[in-house]
Amino acid sequence: MLKTTATAFCLMLGLASAQAQDAGPAAANPSAAMPEPAPADETLPPPLACTFDKVFVCEAKGCAPSAELGTIDLPAKILIHFGEQIIASTGDDKLPHISSIQSVIGDGDSYVLDGNDNMTAWAIQVSTSKPDATLMTVAGGKALSAFGSCKPAS
């Protein structure tokens, strides 16, 4: 029994040591889990102010229009800031909400951004030359599709 306990203890110490070495700067700085701002030499679109005014919520039984984007009454307004890698909105409670952009894929003037927030996966498609925007979320057995437009934030 003592030999088994000692072996387990050594394995745990080795695992903790390996995790500490692999964790790098994120272990020393919890905010390092947030994406780093994009390097200044990258050409990124300016921040976009988006308004979504059509929403459909789909479940296994079908889809129906909704008067809300999640908990935000329509029209819902979202700020996309490529440089800071965030999307921001204000809920019905008037408190700001920020979600990290985990990836941005660009092709010409079209961009797809995605992330997740509180067990909700989301993706937004925008264009810098056309105002049309599409937002999708998936959570809790439901898919939400929102349609709207974006323009450069002032």
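These legends go with close-up views of one predicted model.

In this model, local features need pLDDT of at least 70 and side-chain atom pairs count only at pLDDT 80 or more, while totals for chains, interfaces and linings use all residues. Residues are numbered from 1 along each chain as its sequence is written, and side-chain values use heavy atoms, with hydrogens and water left out.

**View 1. Strand 9 meets strand 10.**
Strands here are DSSP runs of E with at least two residues, numbered from the N terminus. Strand 9 (residues 110–117) pairs with strand 10 in the antiparallel sense, over 8 bridges; two strands count as paired if DSSP finds at least two bridges between them. Look for Asn116, whose bridge partner in strand 10 is Ala121. This hairpin has 2 residues between its strands, and Asn118 takes a positive phi near 55° there.

**View 2. Strand 10 carries on to strand 11.**
This pair is antiparallel too, over 5 bridges, and its hairpin has 4 residues between the strands. Gln125 stands opposite Thr134 in strand 11.

**View 3. Lys130 sits in a loop.**
You'll find Lys130 between strand 10 (120–127) and strand 11 (132–139). Lys130 counts as exposed because its relative accessibility is 53% (exposed means over 50% relative accessible area, with a 1.4 Å probe and protein chains only). Its C-alpha atom is 8.4 Å from that of Ser149, 19 residues apart along the chain.

**View 4. Asp93 has a loop spot as well.**
Asp93 lies between strand 6 (86–90) and strand 7 (96–100). With 53% relative accessibility, Asp93 counts as exposed.

Definitions and conventions. Buried means under 20% relative accessible area, exposed over 50%, partly exposed in between (1.4 Å probe, protein chains only).
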